[in-house]
Each structure stands twice: as C-alpha cells, then as structure tokens.
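Please keep the viewer open while you read.

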Amino acid sequence: MAIPTIEWADGRIRLIDQTLLPNEFKQIYCDNVESVWEAIKSLRVRGAPAIGIAAALGAVLGIWKSEATNYDDFVSELKRVADYLATSRPTAVNLFWALERIKQTAAKQKHLEISELKKTLLDEALQIVEEDKSMCRAIGQHGLELVHNGDTILTHCNAGGLATSDYGTALAVMFAAHEAGKNISVYADETRPLLQGARLTTWELMQAGIDVTLICDNMAAQVMKEGKIQSIVVGADRIAANGDTANKIGTYGVAVLAKEHEIPFYVAAPTSTLDLSLETGDGIPIEQRAAEEVTEGFGKRIAPQGVKVYSPAFDVTPARLITAIITEKGIARPPYEIRLKELVAS
Ligand code: MRU
C-alpha cells in the first residue's frame, strides 16, 4: 500500500475510510476513542489484523491525554478504554489479542512515570504495526510454494493490504506469486452484503497489475465446475486449536464447494489470529450485523419494509475442509491440533 491502511499521526489516528472505496479514496482522522470504536464498528477500518492495530492504537489514543497522576488510576483508565474497544466487534481475535498486549505492557512497567508509560504503550502499538508488516510478507513467501505458474485462485472477502498494516494475508500469497514472476489470475467473490470482494479486493489486485475477475458469490460453484479454479486462498478472523476457521460469511460455502470439486482450500493468517484457548470453532462468537446492511446496504432498498433478516457476518469452516493454513511461521497441515501448537512454539 502506498498509503498506510492505518497509522499514528501526532496524537491522532489516520486511516483510509474503506466504506468509501473504490469510488472515493479518503483518509480520516480519529481524535478520540469513541471515533475509533465507530470506525471499527462501521468497517471504516476492517479485516482482523487491521482491527487489531486499530484497537492497539485506539487504546493508546484513549489514554494519551490521561490526567491520572498515579499508576493505579492510569491502569484503571486503560482498562476502561480497552473494555470499551473490546465491544466494537466480537469475532476477530486480533482485537482482543492486541488489547491484551497493550494491557500486559502497562502491567510490566509499574516503575515508569505516567508520561513515560504513555510513550511505552505507543511504542508497543507501533511494534504491533511493524510485526504485522513482516508477518504479511512472510505469509506471502510461505504461500509461494502453493501457487503454480498459470494458476487461477479464488478468494472471498478482502484479506489484502487494506485488512492489515500492509500487503495482506490471502492476497499476500497472490502479490508474492506475482512479484516472483508467476503468471496468476484471481476470481474475487463479491462478498454480500458489504461487498468487500467487489469494492476492495478487485481494487487492490488491479492496482498491483494482477488479472482479476469479479463474480457474484453464487457464481463460485459454476466457476469451479467449469474447471477455472486451481486453488482457493482466504483470510481468517479466528482459528481454533483444531483448525476450525472463522472468516467472512460465505467462506464455509466456498470450502464445501472446493471439497466437491477437489480444489485445495487454503487459509492464510498470522499466528495472532489463532485462538488456542478454543478447542473447536463452536466457541467462536459470530457477529450479527444490522438488517439494513442486507435490505438497503448501499442506499437502495431491495426488500419489503418489515421483512425479517438474519445477518451473521462470519461463518466457521470446519478444519476437515481446510487443506493447509499458511502462517508467517510456515505452513500447517492436518492434524492441526498438533501442527498449530508446534508452529506457535517455534
Ligand atoms: O467484516 P470484515 O470486512 O472485517 O471481514 C474481514 C474478513 O473476513 C477477512 O477475510 C479476515 O478478517 C482476514 S483479513 C486479513
């Protein structure tokens, strides 16, 4: 990304407002923790790693002007801010992981002056951003071996530079393959209801000069049946210890279709997206979104007033449908219970 998805800018947070893309490219500023919460909730900043970064920077923003004069008051304030940000979206574990990291940093620095402590927390948040950048690059490099010259890859939602600090996870694999001189093409599912595939993934891939074709979500089966797809690569919002993976609603359906058509289905995600505290995906909280996103998402009413709507934002793909999980530490294959733990420990 020529312009960072999200960054610290002199006591404020500057981010690309992704709700406006691709029609308008605009950076907005968050001056307080409430506006960060709103930006996460309304998907101005979105994608699991980027949500984690927003939460870390948001927590720092929330205490940046703290007038606490002692450590205990400061830490209570930080906890209030973190608890509040934790209510923005429930599924991407990176949000909770990043908030925990900031709180743990404060817990270890009891001896510091409050002004020094604030700077230390900012350094930690910026460290998360830097680590995310290198994790994405490493995912791209590891994923390279799974992509062959001439492959067409299908992806769902957006797991690109916009969903991370830079370069992405699923799209990192495609960027890396393209940069390595492999001739690849991509089919992007539009991703109803908020169209992250149509609006963001195609935008990113076109900018990178990668051949991309947009399809409606319900065209994936036909495209696979026609033999057009050699592999599927998607991102993740939370991966349980057994490999069950939560990602954007519709991912599970794509995985079932991949199985039927004997196409490898890969998940690309940093280890910060693993939640080894959950044995299986059954424990992953699934965000429910407002009915209006389905009935009038982009300004045009498409269903009768008063119609009942059910709108889970994520689904869980069972581990048995996942061929491999590409992380920054390497590629995990089944049995995930063992391989994921080994990767984290490595
Ligand atoms: O609701 P969103 O747009 O935040 O959902 C994003 C996804 O599901 C991504 O695939 C996932 O977060 C991985 S991003 C690298």
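1. Two strands count as paired if DSSP finds at least two bridges between them; strands (E, at least two residues) and helices (H or I, at least four) are DSSP runs, numbered from the N terminus. On that basis, E9 and strand E12 (residues 314-317) are antiparallel partners joined over four bridges. Within this pairing, Lys248 sits opposite Phe314 in E12.

2. A word on the source: this is a predicted model, in which local features need pLDDT of at least 70 and side-chain atom pairs count only at pLDDT 80 or more, while totals for chains, interfaces and linings use all residues. Residues are numbered from 1 along each chain as its sequence is written, and side-chain values use heavy atoms, with hydrogens and water left out.

3. E9 (residues 245-248) also pairs with strand E8 (residues 238-240), antiparallel and through two bridges. Arg238 has Ala246 in E9 as its bridge partner. Four residues separate E8 and E9 in this hairpin, and Gly243 in the turn has a positive phi of about 95°.

4. Now the open sheet: seven strands in the order E6-E5-E4-E7-E10-E13-E14, with mixed pairing. Strand E6 (211-215) and strand E14 (330-332) each have a single partner strand, so one side of each is left without a neighbour in the sheet. From one strand to the next, the twist averages 25° (axes are lines fitted to C-alpha atoms, for helices over the stretch in contact, and angles run from 0 to 180 degrees between N-to-C directions).

5. Strands E4 (residues 152-155) and E7 (residues 231-234) run parallel and are joined by two bridges; Ile153 has Ser231 in E7 as its bridge partner. Helix H7 (residues 196-207) packs on the sheet, touching E4, strand E5 (185-189) and E6, and its direction makes about 165° with that of E5. Contact here means heavy atoms within 4.5 Å. Helix H11 (residues 336-345) lies across strand E13 (324-327) and E14, at about 160° to E14.

6. Which residues come nearest to the ligand? Of the 18 around it, they are Arg46, Ala48, Arg89, Asn247 and Lys248, where being near requires a heavy atom within 4 Å.

7. For the polar contacts (pairs of N or O atoms within 3.5 Å), an oxygen atom of the ligand is 2.8 Å from a side-chain N or O atom of Arg89. For the side chain of Asp237, the corresponding distance to a ligand oxygen atom is 2.9 Å. A backbone N or O atom of Gly47 lies 3.0 Å from an oxygen atom of the ligand. The protein covers 100% of the 420 Å² of accessible area that the ligand has on its own (Shrake-Rupley method, 1.4 Å probe).

Conventions. Polar contact = N/O pair within 3.5 Å; in protein donor to acceptor, adjacent residues only side chain to side chain.
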